[in-house]
Amino acid sequence: MARVSMLLCLVILATLGVVVTFSVAKNIEVQSEHLESSKKVTKVDHISKHREKEGKKVNDDRNAGSDVKEGTKDEKKKHYVLHKKEEHKKREHDVHKKGVQPEKKDDDDDVKKHKDKKKSDNEKENIGLYELKKGNLTVKFTNWGASIMSLHFPDKNGKSGDIVLGYDSVKSYKTDKVYFGATVGRVANRIGKAHFKLNGKEYKTSANDGKNTLHGGKRGFGDVVWAVKKHKYDGKKPHIVFTYTSPDGDQGFPGELIVTVTYKLVKDNELSVVMKAKPKDKATPVNLAHHTYWNLGGHNSGDILSEEIQILGSRYTPVDGELIPTGQISPVKGTPYDFLQPRHIKDNMKDLKTGYDINYCLDGKADKMRKIVELVDKKSGRKMELSANQPGLQFYTGGMLKDIKGKNGAVYQAFAGLCLETQSYPDSVNNPKFPSQIVEPGKNYKHNMLFRFSIVS
């Protein structure tokens, strides 16, 4: 009997041991589950915070991390504690390594849409108005087209007036069709039949003037937002620097091109304009020009036909009916284009229905700064002298202006302003006898202008 009792006790003790062992194992499993889940959440949160710091979308990554955690809970019901630890660690490693790959495509699409929207918003926000002031000269700009919006200079009675055509608001420059105050390029003026050949390859450019390319194409440099690299409002040398990177293939032109335009007020009553460009990896034509419409009597004073002008160019490039140079270079003597001596613009215009729109082959050595134009409005007493380092000058008297709503309620008509566009010759890319516009990779293009303002009696 004693043996039976002892045997019964041993069975009871063994049974209790199994229960205790099972309970302890269960507690260990639960604690392990809690510990591993906590590590999982901490790991995913760390990944998410790191991605958020880099500016990437993280909402989908957080959701994907939650899905992995739920899957781990389901599997614990089928495996022992040791196997669960190994499986859980493997899954945690996969989340870190792959970045939750099944969701990555959606994330990238969302990030791209976000960046595109942000870029569009920034483009709108970054179009602004800027000012330089020194002495009697005050100039306002917009980074849309790196354009001059206004230039104030006093007349002979000391009354300040705005002597460039333009619009009241920056917004109006975005719909401008006549290039008021703009920096034009990549190739200013015209390219015949919107094509050229370079290094044995044919290039087709954007046609926006009938079958021809004008001022760089449908979206030339005058129709883009430039970055403002530097801006100093006043002081000894107030200045502003605009920059723009034109991509390879822009409007059909080869190679990426980095461009800067610097406006600076130097000495008294002088405005310096310096345009620079550098191709990155391909040869490309470059011909930048400044397209302000000047009226020394004031932007709303009527036409410019009574102003006197002198142009130091003994020859010019005749054009066909589409204003494309014929390839000839002819003397100005005995033609309506002779302004070697100062005279009124209207003097020889009777045979030119739409006025002047012609390229002059400037005297003196190209690449050297020299005086090329003198313009005087005797009524206001204002005088402007232009010096530059380019071989050509496009003289345009605004004959195509019609019913353009400008600043302060002004409505601009034909001959309301004139342009003095220093440049290389038009359609040089198709005329080997003209000065070359081709700039090789790593080489620098530089175009300097200096406008000097004064008063005459």
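These are my notebook entries on a few spots I looked up in this predicted model.

**Ground rules.** I number residues from 1 along each chain as its sequence is written, and side-chain values use heavy atoms, with hydrogens and water left out. Because the model is predicted, local features need pLDDT of at least 70 and side-chain atom pairs count only at pLDDT 80 or more, while totals for chains, interfaces and linings use all residues.

**Entry 1: Ser150.** I found Ser150 in strand E3, residues 147-154 (strands, E, are DSSP runs of at least two residues, numbered from the N terminus). Is Ser150 buried or exposed? Its relative accessibility is 6%, so I noted Ser150 as buried (under 20% relative accessible area, with a 1.4 Å probe and protein chains only). Leaving aside neighbours within four places in sequence, Ser150 is in contact with Thr138, Val139, Lys140, Asp162, Val164 and Lys407 (contact is heavy atoms within 4.5 Å).

**Entry 2: Asn269.** Next I went to the loop between strand E12 (257-266) and strand E13 (270-279), where Asn269 sits. Asn269 has a relative accessible area of 17%, so it is buried. With neighbours within four places in sequence set aside, I listed its contacts as Asn136, Leu137, Phe153, Phe451, Arg452 and Phe453.

**Entry 3: strand E21 and its partners.** How many of the eight residues of strand E21 (residues 370-377) are buried? I got seven, so E21 is largely enclosed by the rest of the structure. Strand E16 (residues 308-311) pairs with E21 in the antiparallel sense over four bridges (two strands pair if DSSP finds at least two bridges between them). E21 is also joined to strand E22 (residues 382-388) by seven bridges, again antiparallel. I then followed Val373 of E21: Ile311 stands opposite Val373, and the bridge partner of Val373 in E22 is Leu386. The hairpin of E21 and E22 has four residues between the strands, and Gly381 takes a positive phi near 85° there.

**Entry 4: a five-stranded sheet.** I traced an open sheet in the order E18-E17-E20-E23-E26, with antiparallel pairing. Its edge strands are E18 (330-331) and E26 (419-423), each pairing on one side only. Strand E17 (residues 315-316) is joined to E20 by two bridges and runs antiparallel to E20. Across that pair, Tyr316 stands opposite Tyr360 of E20.

Key. Buried means under 20% relative accessible area, exposed over 50%, partly exposed in between (1.4 Å probe, protein chains only).
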